[in-house]
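This report describes the strands, sheets and nonpolar cores of one protein model. Please keep the sequence and the structure in view while reading.

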Amino acid sequence: RGYQSRVHVSYLNCIQNEKMTIRPILLKGHSRPLTKVKFNREGDLLFTCGKDHKPQVFWSDNGERLGTYDGHNGSVWDCDVSFDSSRLLTGSSDNTAKLWDVQSGKELLSIKHESGVRSVGFAHGEKMILTVQDNTFGKQPTIFIYNLDDDFSEEMEPVREMVPIDSTDKMNVALWGPLNHNLLSAGEDGCIREWDVERGVEVRKICEHKKSIQSMQFSKDYTMFITASSDKTAKVFDTKTLQLLKTFQSDRPLNGAAISPIMNHVMVGGGQEAMSVTTTAASSGRFEVDFHHIVYGDFLGNVRGHFGPINTLAFAPTGKMFASGAEDGYVRLHHFDNEYLKLKGKDL
């Protein structure tokens, strides 16, 4: 225990004394605020969504834009990419979820809903997809499960409809759990719900956040997940038990959080509400991406650059870069330098 303590102090001193130069690539493909950044499985492609109706794709190596996916008529809230990077799934406030061919940009399928689609996701194996319907127009927030056939029928009917029994608050995110046996959802009531996919029912609920949960992401091995909330905290939970493992306190509302796939680090980002951004300087808005040690909880440093609240964050699967998307309409793509990657050997 004493040895671990000494090594940890040495590691912290190493981090704090190093001023690393991480040069970002600025991607200005969107004309309005970003809502989602998403790497594919290999990490060579970066997909972005925003309120300007047009999802886009970039090379992550150099930031070159490869194309856009034209077809939505409203803000695109979420996207997911298939295992082999051949299909892209998007959800929009135009009441549709759309499936695209990644390479050609062709729209393959459009699934109509009764209100906006807040979250989407491919199941493992990609034989099913989920969509989350908003609570607008007097509709119940609902998770829909669809079987994904090869013929992409426009008349697809959901095989499951899952509605919270004690809440009409908006669900901001839903994720497939390991092996597709369950789903996790989170939303404006600050609660995380676990759903049994086979029976289509809610089986567990925990309410650790005091305000809306804005985002939720799994660790690479699905043993943990992290949430970011408007209550100025990010929390790490055990996937199997939903036990709270760690809380990271911030001085601003948080919109995004992610767990590094190669280091014992998490990053969080957010900022003050968009409506008050114009009345303050960027420095007082607190638009940095903060890094913390996932085990010890220590603050390690931050990366600045955005001029508006950070709405979305993602590590590349390699752990060698990360992307942030903000209210300022920019995506900032950061490649970690060798000094950061060398710290892996000193981490516990």
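Strand E4 (residues 56–59) is joined to E5 by 3 bridges, and the two run antiparallel. Strands (E, at least two residues) are DSSP runs numbered from the N terminus, and two strands pair if DSSP finds at least two bridges between them. Val 57 has Gly 67 in E5 as its bridge partner.

Both strands belong to an open sheet of 4 strands in the order E2-E3-E4-E5, with antiparallel pairing. Strand E2 (34–39) and strand E5 (65–68) stand at the edges, each with a single partner strand, so one side of each has no neighbour in the sheet. From one strand to the next, the twist averages 20 degrees; such angles, which run from 0 to 180 degrees, are taken between N-to-C directions of axes, lines fitted to C-alpha atoms.

## The model and its confidence

This is a predicted model, in which local features need pLDDT of at least 70 and side-chain atom pairs count only at pLDDT 80 or more, while totals for chains, interfaces and linings use all residues. Residues are numbered from 1 along each chain as its sequence is written, and side-chain values use heavy atoms, with hydrogens and water left out.

The average pLDDT (the predictor's confidence in each residue, from 0 to 100) is 90 for the protein, and 89% of the residues score at least 70. Over residues 1–16, pLDDT stays under 50, and the model has 20 contacts beyond four places in sequence for them. A contact means heavy atoms within 4.5 Å.

## The nonpolar cores

A nonpolar core is a set of buried Ala, Val, Leu, Ile, Met, Phe, Trp, Tyr and Cys residues joined through side-chain atoms within 4.5 Å. Buried means under 20% relative accessible area, found with a 1.4 Å probe on protein chains only. The largest such core has 16 residues, and those with the most contacts inside it are Met 267, Val 289, Phe 291, Phe 315, Phe 322 and Phe 336. Two or more residues each come from strand E24 (289–293), strand E25 (299–303), strand E26 (310–315) and strand E27 (321–326). E26 gives the largest share, 3 residues.

Which residues does Phe 322 contact, leaving aside its neighbours within four places in sequence? They include Phe 39, Met 267, Val 289, Phe 291, Val 303, Phe 315 and Phe 336. Another core, of 15 residues, lies apart from the largest one and includes Val 120, Ile 129, Phe 152 and Met 156.

## The sheet from E10 to E13

A further open sheet of 4 strands has the order E10-E11-E12-E13 and antiparallel pairing. At its edges are strand E10 (117–122) and strand E13 (160–162), each pairing on one side only. Direction ignored, neighbouring strands here are turned by 15 degrees against each other on average. Antiparallel pairing over 5 bridges links E10 with strand E11 (residues 128–133), where Gln 133 stands opposite Val 117.

## Strand E19 and its partners

Strand E19 (residues 224–229) is largely enclosed by the rest of the structure, because 5 of its 6 residues are buried. Strand E18 (residues 213–218) pairs with E19 in the antiparallel sense over 5 bridges, and Gln 217 stands opposite Ile 226. These two strands form a hairpin with 5 residues between them, and Tyr 222 in the turn has a positive phi of about 65 degrees.

E19 also pairs with strand E20 (residues 233–238) in the antiparallel sense, over 5 bridges. Phe 225 has Phe 237 in E20 as its bridge partner. The hairpin of E19 and E20 has 3 residues between the strands, and Lys 232 there takes a positive phi near 75 degrees.

How values were computed. Buried means under 20% relative accessible area, exposed over 50%, partly exposed in between (1.4 Å probe, protein chains only).
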